[in-house]
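Hello,

Here is the structure I promised to pass on. Please open it first, then read my notes below.

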Amino acid sequence: MASPLGELLLVGESDWTADGLRLVSLSVPGQKGGAVVQDGWRRAPELFAGVLAQMEAYFAGRSTRFEVPFAEGVGTEFQRRVWQVVESIPYGQTLSYGEVATRVGASGAGVRAVGTAIGRNPLLVVRPCHRVIGADGALRGYAGGLERKQLLLGLEGAACVERVVPAGR
C-alpha cells in the first residue's frame with residue numbers, strides 16, 4: 001500500500017473460523033525487524049480491503065482508530081502486555097517509556113525491556129508505538145525511523161513533536 005510513510009507491506013494469515021484475515025505484520029521498507037516477502041506467500045490485496053480502507057481514512061485525517069483483527073500468539077507474554085498498553089494510548093496523545101513501564105509493572109530498569117518490546121511491535125501505525133516518547137518529550141526510537149514517527153505524531157496533532165533524538169543517545 002502506498003502511504004505518506006512510503007510503501008507499506010501488510011502480511012496476514014487466514015482466519016478460517018471467522019472467514020477473514022488476521023493481520024500479522026504491517027511494516028515499512030528498511031524497517032528494523034520488518035517483514036520481508038517470503039517464497040510461497042501470495043499477493044491478495046482483496047483480502048486486505050478493510051485494513052486498506054482504514055489506513056487510507058487514517059492518513060486522510062478521517063479516522064482516529066483501527067478495528068483490525070490481529071494474529072494471535074505473536075510475541076512473548078511481556079511484549080503482549082506492553083503492546084496492550086500501547087494500543088490504549090489515545091489518538092494524538094503520548095506516553096513516555098517510563099509511563100508504559102509503570103503500567104505493565106516494570107518500572108525502573110524495566111524501561112529498557114519496555115523499549116525493546118515496543119521496538120518489536122510487528123504492527124506499525126495500527127498498534128501506535130509511535131505514541132511512546134522519551135520522558136523529556138523527545139522522540140526516541142522507532143523501528144520505522146524517527147522521521148516517520150515525527151510524521152505520524154504530526155498527523156495526529158500531538159503536542160510533542162519538535163525534538164528528535166537519534167538512536168543511541
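**The second largest pocket**

β1 gives the most to the lining of the second largest pocket, contributing six residues. Keep in mind that this is a predicted model. Two strands, β1 (9-15) and β2 (20-27), each supply at least two residues of that lining.

The volume of this pocket is about 650 Å³. It is lined by 24 residues, and the closest to its centre are Leu9, Leu10, Arg42, Arg43 and Phe48. What is the lining made of, by class? It has 16 nonpolar, four polar and four charged residues.

**Helix α1**

Next, look at α1, which spans residues 49-59. Val51, Gln54, Met55, Ala57, Tyr58 and Phe59 are buried in this helix. Glycine 61 follows α1. The phi of glycine 61 is positive, near 80 degrees.

**Arginine 140**

Then go to strand β5, residues 139-140. Arginine 140 lies in this strand. Why is arginine 140 classed as partly exposed? Its relative accessible area is 24%. Buried means under 20% and exposed means over 50%, so arginine 140 falls in between.

Which side chain does arginine 140 meet in a polar contact of 2.8 Å? The partner is the side chain of aspartate 136. Glycine 30 is 110 residues away from arginine 140 along the chain. The C-alpha atoms of these two residues are separated by 18 Å.

Best wishes

Note on methods: Residues numbered from 1 in each chain as written. Predicted model: local features only at pLDDT ≥ 70, side-chain atom pairs only at ≥ 80, totals over all residues. Heavy atoms only, no water. 1 Å grid on protein atoms, 1.4 Å probe; cavity = no way out; pocket = protein on both sides within 12 Å on 5 of 7 lines; lining within 4 Å. Points joined across faces, edges and corners; volume = space filled by probe spheres on them. Helix = DSSP H or I, 4+ residues; strand = E, 2+ residues; numbered from the N terminus. Nonpolar A, V, L, I, M, F, W, Y, C, P; charged D, E, K, R; others polar. Buried < 20%, exposed > 50% of the residue type's maximum accessible area, 1.4 Å probe, protein only. Polar contact = N/O pair within 3.5 Å; in protein donor to acceptor, adjacent residues only side chain to side chain.
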